[in-house]
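Welcome! Here is a friendly walk through one protein model, taken a piece at a time. Keep the structure open beside you as you read.

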Amino acid sequence: MSKLQRLPASVGNAESTPIAAEKLISGNPTNMLNNMFTNAKENFFCGVWSSTEGKWALNYSEDEFCYIISGKAVITDADGHSETVEAGDAFTISAGFSGSWETIGEVKKFYAIYED
């Protein structure tokens, strides 16, 4: 029987990973990922992610919903259009998006990712 699973806004059991050198644009950011749910098909994931300050390249092969819990980031697409997102903002990033993510200070978000 399936049941409701609550997701706390915590990176409690998070896995710490640095940004790959080939994607790094500036800074020395470290990401924390606490994946709290993976479906049976292993193509839908959600949890909490956080990052320290820095900027890196993005190339999305998945669709992602994000809700910023705390902090601020600047997302810039390949055409140079930038959007600042901060605590309380919800948004999506579609598969095929390329550009950059810049964490200002530290940021934490809920994420839900779907991969075909």
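## How the strands pair

Strands β1 (15-18) and β3 (30-38) pair in the antiparallel sense, over four bridges. One place to look is Pro-18, which stands opposite Thr-30 in β3. Before going on, note that this is a predicted model, in which local features need pLDDT of at least 70, side-chain atom pairs count only at pLDDT 80 or more, and totals for chains, interfaces and linings use all residues. Residues are numbered from 1 along each chain as its sequence is written, and side-chain values use heavy atoms, with hydrogens and water left out. Two strands pair if DSSP finds at least two bridges between them.

Two further antiparallel pairings involve β5 (residues 54-59). Strand β2 (residues 24-27) is joined to β5 by three bridges, and Ser-26 stands opposite Lys-55 in β5. Strand β5 also pairs with β9 (residues 98-114), in the antiparallel sense and over six bridges. There, Trp-56 has Trp-101 in β9 as its bridge partner.

Now follow β3 into β4 (44-51). Together β3 and β4 form a hairpin, with five residues between them. Glu-42 lies in the loop between these strands and has a positive phi of about 55 degrees although it is not a glycine. Is Glu-42 buried or exposed? At 60% relative accessibility, Glu-42 counts as exposed. The cut-offs are these: buried means under 20% relative accessible area, exposed means over 50%, and partly exposed is in between (1.4 Å probe, protein chains only).

The other hairpin is formed by β6 and β7, with four residues between them. Five bridges join β6 to β7 (residues 82-86), and the strands run antiparallel. Val-74 stands opposite Thr-84 in β7. In the turn, Gly-80 has a positive phi of about 90 degrees.

## The largest pocket

How much space lies in the largest pocket? The volume is about 610 Å³. Of its 22 lining residues, the closest to the centre are Asn-31, Trp-49, Trp-56, Tyr-60 and Glu-62. Here is how such spaces are found: on a 1 Å grid over the protein atoms alone, a pocket is an open set of points with protein on both sides within 12 Å along at least five of seven lines, and lining residues have an atom within 4 Å of a point. Grid points are joined across faces, edges and corners, and a volume is the space filled by probe spheres set on the points.

Strands β1, β3, β4, β5 and β9 each supply at least two residues of this lining. By type, the lining residues divide into 13 nonpolar, four polar and five charged. In this count, Ala, Val, Leu, Ile, Met, Phe, Trp, Tyr, Cys and Pro are nonpolar, Asp, Glu, Lys and Arg are charged, and the others, Gly among them, are polar.

## The nonpolar core

The largest nonpolar core has 17 residues. Those with the most contacts inside it are Trp-49, Trp-56, Ile-68, Ile-75, Val-85, Phe-91 and Trp-101. The elements giving two or more residues to this core are β4, β5, β6 (63-77), β8 (90-93) and β9. A nonpolar core is a set of buried Ala, Val, Leu, Ile, Met, Phe, Trp, Tyr and Cys residues joined through side-chain atoms within 4.5 Å.

Phe-91 sits in strand β8 and counts as buried, at 15% relative accessibility. Leaving aside neighbours within four places in sequence, Phe-91 is in contact (heavy atoms within 4.5 Å) with Glu-64, Phe-65, Cys-66, Ile-68, Ile-75, Val-85 and Trp-101. Phe-91 and Asn-31 are 60 residues apart in sequence and 20 Å apart in space, C-alpha to C-alpha.

Ser-100 belongs to strand β9 and is buried, with a relative accessible area of 6%. Beyond four places in sequence, its contacts include Ile-25, Trp-56, Leu-58 and Ile-75.

Leu-58 is found in strand β5 and is also buried, with a relative accessible area of 10%. Not counting residues up to four places away in sequence, Leu-58 touches Phe-97, Ser-98, Gly-99, Ser-100 and Trp-101.

Technical notes: 1 Å grid on protein atoms, 1.4 Å probe; cavity = no way out; pocket = protein on both sides within 12 Å on 5 of 7 lines; lining within 4 Å.
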